[in-house]
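Colleague: Please take me through the model below one point at a time, stating each cut-off where it is first needed.

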Amino acid sequence: MEIISMKCPSCGASITTKTTKCEYCGSDIMVKSFQALSAMPLPQVNKYMATYRAAAAEHPENNDVNTSVGMCFLKLKKYDQALEYFEVTNLQDLLDDHCTLEAFSSAVDVARDDVNSLKRQTTVIN
Ligand SMILES: [Zn+2]
């Protein structure tokens, strides 16, 4: 997995995706499971997402970052956007590296169903 430099989503310190926790504030750097995110208050999710999106803009091929952005969008119920980010990630990597695939894939399934039903209703999501 490619190591990239980014800012700590919580305190803004310069860190890399090599570390799992920020050495300055102790926050998780990369959100890898939907469970971890579901316990997170929304203002913090927004903060994390802003950081991840900035990192994803600089490193569009980085699976870690794209997956984390996708999870944040899922949490915010922005399913269309979530799926855009998940499409560029390698699901096999998740399967190999983490034991969260079940939760992850069920979240994506729910998201897909929701997106499809919304599309059928031709509802505009903002
Ligand atoms: Zn920090």
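Predicted model: local features only at pLDDT ≥ 70, side-chain atom pairs only at ≥ 80, totals over all residues.

**Burial, contacts and helix packing**

Colleague: Does lysine 77 count as buried or exposed, judged by its C-beta neighbours inside 10 Å?
Modeller: A residue is called buried if 20 or more other C-beta atoms, placed from the backbone, lie within 10 Å of its own, partly exposed in between, and exposed if 12 or fewer do. Lysine 77 has 10 C-beta neighbours inside 10 Å, and because of that count it is classed as exposed.

Colleague: In what pattern do the elements follow one another along the sequence?
Modeller: Helices (H or I, at least four residues) and strands (E, at least two) are DSSP runs, numbered from the N terminus. The chain has 6 helices and 2 strands, and 28% of its 126 residues are buried. Read along the sequence, the pattern is β-β-α-α-α-α-α-α.

Colleague: Where does lysine 77 sit, and what phi does it take?
Modeller: Lysine 77 belongs to the loop between H3 and H4, and its place is just after H3. Most residues other than glycine have a negative phi. Lysine 77, although not a glycine, has a positive phi of about 60 degrees.

Colleague: How many residues of H3 are buried?
Modeller: Among the buried residues of H3 are Asp64, Asn66, Val69, Cys72 and Lys75. The helix is mostly covered, and the count of buried residues is 12 of its 13.

Colleague: What distance separates the end C-alpha atoms of H3?
Modeller: The expected span of a helix is 1.5 Å times one less than its number of residues. The 13 residues of H3 should therefore span 18 Å, and this agrees with the separation of its end C-alpha atoms, which is 18 Å.

Colleague: Which residues does valine 69 contact, leaving aside neighbours within four places in sequence?
Modeller: Two residues are in contact if their C-beta atoms, placed from the backbone, lie within 7 Å. Valine 69 is one of the buried residues of H3. With neighbours within four places set aside, its contacts are Met49, Tyr52, Arg53, Ala56 and Tyr85.

Colleague: At what angle do H2 and H3 pack?
Modeller: Val45, Tyr48, Met49, Tyr52, Arg53, Ala55 and Ala56 in H2 meet Val65, Asn66, Ser68, Val69, Cys72 and Lys75 in H3. By class, this contact has 9 nonpolar, 2 polar and 2 charged residues, where Ala, Val, Leu, Ile, Met, Phe, Trp, Tyr, Cys and Pro count as nonpolar, Asp, Glu, Lys and Arg as charged, and the others, Gly among them, as polar. Axes are lines fitted to C-alpha atoms, for helices over the stretch in contact, and angles run from 0 to 180 degrees between N-to-C directions. The axes of H2 and H3 are 9 Å apart, and their angle is about 145 degrees.

Colleague: How far is cysteine 8 from serine 27 in space, C-alpha to C-alpha?
Modeller: Cysteine 8 lies in the loop between strand E1 (5-7) and strand E2 (14-16), and it is buried because 21 other C-beta atoms lie within 10 Å. Not counting residues up to four places away in sequence, cysteine 8 touches Ala13, Ile15, Cys22, Tyr24, Cys25, Ser27 and Ile29. Cysteine 8 and serine 27 are 19 residues apart in sequence, and their separation in space is 7.9 Å.

Colleague: How far apart in space are glutamine 44 and serine 10, C-alpha to C-alpha?
Modeller: Glutamine 44 is found in helix H2, and it is partly exposed because 14 other C-beta atoms lie within 10 Å. Glutamine 44 and serine 10 are 34 residues apart in sequence, whereas the distance between their C-alpha atoms is 7.7 Å.

Terms used
Residues numbered from 1 in each chain as written.
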